[in-house]
Amino acid sequence: MCTVCGCSGDGATISDATGGHAHAHAHPHEHGHEHDHVHGEGHSHGHGEAHVHTHADGTTHSHGHGHDHGDGHAHHHHDHDHAHPAGDTLDYGAGPARAHAPGLSQARMVEIETSILAKNDDYAARNRARFEAAGLLALNLLSGPGAGKTTLLVETLKALAGRLPTAVIEGDQQTDNDAARIRAAGAPAVQINTGKGCHLDAHMVGHAVEKLPLPPGGVLFIENVGNLVCPAAFDLGETARITLISVAEGDDKPLKYPDIFEGADLVLITKADLAPHVDADMAQLEANIRRVNPRADILRVSARGEVGLTRWLAWLEKARAERLDALAAAREREAQALRAAMVAGGAR
């Protein structure tokens, strides 16, 4: 996962809600300091160059530069402390870190991941508090590329116009194409370009929120970078996490990429109208989703006409109503505690 592979938000830029000039933001690194990123640049922040070579069995390893071999070419040795089961499968997810990085022990990888995620979780808590103060239902939309997140979102926003206030944060490595589509549908949208980063993180989202007119009591959609792996690791401060998978992606995807399904509150099976044309086994797909995540709701949706969105729109309205009820109840409890404190103080 990207908590150990070295990718980050370096080079990330954020537009304003009307599609104006993108601004860079300072992004914290695992070693504790921040970099201010130049507008529009997408530089990588690798610590040393790397090369890849292929072994006789077809596997590849990437080596960072370290000691000199004497031929002008340098790389460092690393210990292979990961275990592989017998057979033809090389399982690099079997260790405690559930990942592999050249030159790093499993213990060090776990340490790095814990540090990165702890810092992200701090930013996520700040975002969550801000969303709660605004009475927002914040939804983190995750999927692989091409699952139809943006198309579904555009049609959803059209259907919700006049019914629910909305706003959108768009995440992609490059271009503001998706944010432009969202704005054309009538909703304010801020584009985050992650550069070489493969996911949104809570720090980026916090900066985007500063540029976005949040709709009090409304719905904030956060469309994450199209990636079935890395976005699953990062809490953005969302109220709920929604994973999308299209019928054309194959019914075994939840088993191949379990993390992104395991954390979902809702799974949307998109492009459901295409199922007969791509020989999709919908029953098997839903069964595999439930094997990974038995608690998630599962809805089949299609962006072709509002009929295909009916259950999804009903889910949104119900989730928003429950969110507002929960926040109102919490604030009433706070008010009651303050009134009780006032009475107790007056009795002394």
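I take contact to mean heavy atoms within 4.5 Å. The model is predicted, so I note that local features need pLDDT of at least 70 and side-chain atom pairs pLDDT 80 or more, while totals for chains, interfaces and linings use all residues. Residues are numbered from 1 along each chain as its sequence is written, and side-chain values use heavy atoms, without hydrogens and water.

Entry: Ser143. I found Ser143 in the loop between β9 and α3; helices (H or I, at least four residues) and strands (E, at least two) are DSSP runs numbered from the N terminus. Is Ser143 buried or exposed? Ser143 counts as buried because its relative accessibility is 0%, where buried means under 20% relative accessible area, exposed over 50% and partly exposed in between, with a 1.4 Å probe and protein chains only. Leaving aside neighbours within four places in sequence, I list among its contacts Lys149, Val225, Asn227 and Ile260.

Entry: the core. Of its 32 residues, Leu139, Phe221, Ile242, Leu268, Trp312 and Trp315 touch the most other members. α3 gives the most to this core, 6 residues. Not counting residues up to four places away in sequence, Ile242 touches Leu139, Leu268, Trp312 and Trp315, among others.

Entry: α9. Trp312 and Trp315 are also among the buried residues of α9, as is Arg323.

How values were computed. A nonpolar core is a set of buried Ala, Val, Leu, Ile, Met, Phe, Trp, Tyr and Cys residues joined through side-chain atoms within 4.5 Å.
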